[in-house]
Amino acid sequence: MIRSYMILFIFVICESAAAHHAATGRYDPDGFGEIEGEITDIFWRNPHVRFLINRTGDGGEDEEWEVEFGSVNTLERIGVSRDLVSVGDRVSVYGRMGRDGLKAMFAGSIVMPNGEELPLQAGVEQRYGLTETAFREARNTDAGLRADIFRVWLPLERPNTGAGNTVYPLTESGQAAQAAWNPENDPALRCIPPGLPTAMDNPYPIEFVDRGNIIELRLEEWDGLRTIYVEGDGGPSQPRMGRSVGRWEGRTLIVETADMDWRYVDDLGTPQSEDAAIEERFTMSEDGVRLDWMARITDPVNFTEPVVMEGAWTWVPGHEIKPFNCALPGQ
């Protein structure tokens, strides 16, 4: 059956699935398929919603498949709610198949018993309503609303380091550490929030909050919270996030971070040592609706030269940070 969401899904899932939670090692990047069966269990929690589906195999035997797809936050934003699916529903799902015969799928769409097809993934444009009309209305809002960084910003462009496309200038020890990485050990699979810089490469909103002598940077993914000190030499180091000190240069917030106890640059096992340091530059556009990000990472243990990451957020009124509330099946 040809899916109306299939083309969109192929593009979106390559970005979403490959970038988070060991999906690169679990699913075939080029293997798409469809399965049909009965939902026997539903896990409606972050980081990914999951179904168990019982289907009849090619030899007539019963098979149990694990199907995972978007986060609760993404599904809510595209209009797919928990009450639309029930245990006992007979459905068909389309998506990336598990590697090496694994009975698992990362799904992009589902056809319900009544024949309705629902998307289970979506790009940021659909997820947040990032249309030209929305951008035009944002630029036409009161200039006071666009004057500073302290608001909710929506993902526009991300470095997408977890897609496996980033080539790192690794030292010999860095190469050895990356080669020893096992995707099944990804901390995200145990609901352990990532630290810097991994935490900044995510497809969810962020928010800057003015607290006087500190700036709070809230990250929707993992309910993350960064503290950026803007007076003196900073305060205590945060677990996973390190010790961040910021200063302003015109429309640019420069943040320097060290003392990180997070040992990865991305979620593909690229190592980060205790000697690593990050300089970030958050630069607002003149019209106040775009926020560009550049991070320069130095790590003499693992990198032969600095690594640069770039991304961008945008602002349109009316959005907020949602709770993430990660949980493991059985919790």
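Cys191 is buried, at a relative accessible area of 19%, where buried means under 20% relative accessible area, exposed over 50%, and partly exposed in between, with a 1.4 Å probe and protein chains only. Cys326, at 21% relative accessibility, counts as partly exposed. Before I continue, please note that this is a predicted model, in which local features need pLDDT of at least 70, side-chain atom pairs count only at pLDDT 80 or more, and totals for chains, interfaces and linings use all residues. Residues are numbered from 1 along each chain as its sequence is written, and side-chain values use heavy atoms, with hydrogens and water left out.

Those two cysteines belong together. Cys191 and Cys326 form a disulfide with their sulfur atoms 2.0 Å apart, the criterion being a pair of cysteine sulfur atoms within 2.5 Å. By this rule the count comes to 1 disulfide. What is the handedness of this disulfide? The torsion about the S-S bond of Cys191 and Cys326 is about -75 degrees, so the disulfide is left-handed. Cys191 lies in the loop between helix H6 (172-179) and strand E8 (206-210), and Cys326 in the segment after strand E15 (307-314), so the pair ties together parts that are 135 residues apart in sequence. Helices (H or I, at least four residues) and strands (E, at least two) are DSSP runs, numbered from the N terminus.

I turn next to the aromatic residues. A search of the whole structure finds 11 aromatic pairs. Rings of Phe, Tyr and Trp, the last by its six-membered ring, pair if their centres lie within 6.5 Å; planes under 30 degrees apart count as stacked, over 60 as edge-to-face and the rest as tilted. The rings of Phe51 and Phe69 have centres 5.0 Å apart and planes at 75 degrees, so this pair is edge-to-face. Phe51 lies in strand E2 (residues 50-56) and Phe69 in the loop between strand E3 (62-68) and helix H3 (72-77), so the pair ties together parts 18 residues apart in sequence. Both Phe51 and Phe69 are buried.

Trp181 and Tyr264 form another edge-to-face pair, with 5.1 Å from centre to centre and 65 degrees between the planes. This pair links distant parts of the chain, 83 residues apart: Trp181 is in the loop between H6 and E8, and Tyr264 in the loop between strand E12 (252-258) and strand E13 (277-284). Trp181 is buried, with a relative accessible area of 17%, whereas Tyr264 is partly exposed at 24% relative accessibility.

Phe208, Phe282, Trp293 and Trp313 form one aromatic cluster. Of the 46 residues in the largest nonpolar core, Trp153, Phe208 and Phe282 touch the most other members. A nonpolar core here is a set of buried Ala, Val, Leu, Ile, Met, Phe, Trp, Tyr and Cys residues joined through side-chain atoms within 4.5 Å. Strand E14 (residues 290-298) gives the most to this core, with 4 residues. Apart from it lies another core of 25 residues, including Ile35, Ile53, Val67 and Val72.

Let us now consider the strands. Which strands make up the closed barrel? The barrel has 9 strands, running E7-E8-E9-E10-E11-E12-E13-E14-E15, with mixed pairing; two strands pair if DSSP finds at least two bridges between them. Strand E7 (residues 152-157) and E15 pair in the antiparallel sense over 3 bridges, and Pro155 stands opposite Trp313 in E15.

On one side, E12 and E13 pair in the antiparallel sense over 6 bridges, and the bridge partner of Ile254 in E13 is Arg281. E13 also pairs with E14, again in the antiparallel sense, over 8 bridges, and Met284 stands opposite Leu291 in E14. E13 and E14 form a hairpin with 5 residues between them, and Gly288 in the turn has a positive phi of about 75 degrees.

Finally, I come to strand E1. Strand E1 (residues 27-43) runs antiparallel to strand E4 (residues 90-98), joined by 8 bridges, with Gly37 opposite Val91 in E4. E1 and E2 also run antiparallel, joined by 5 bridges, and Asp41 stands opposite Leu52 in E2. A hairpin of 6 residues joins E1 to E2.
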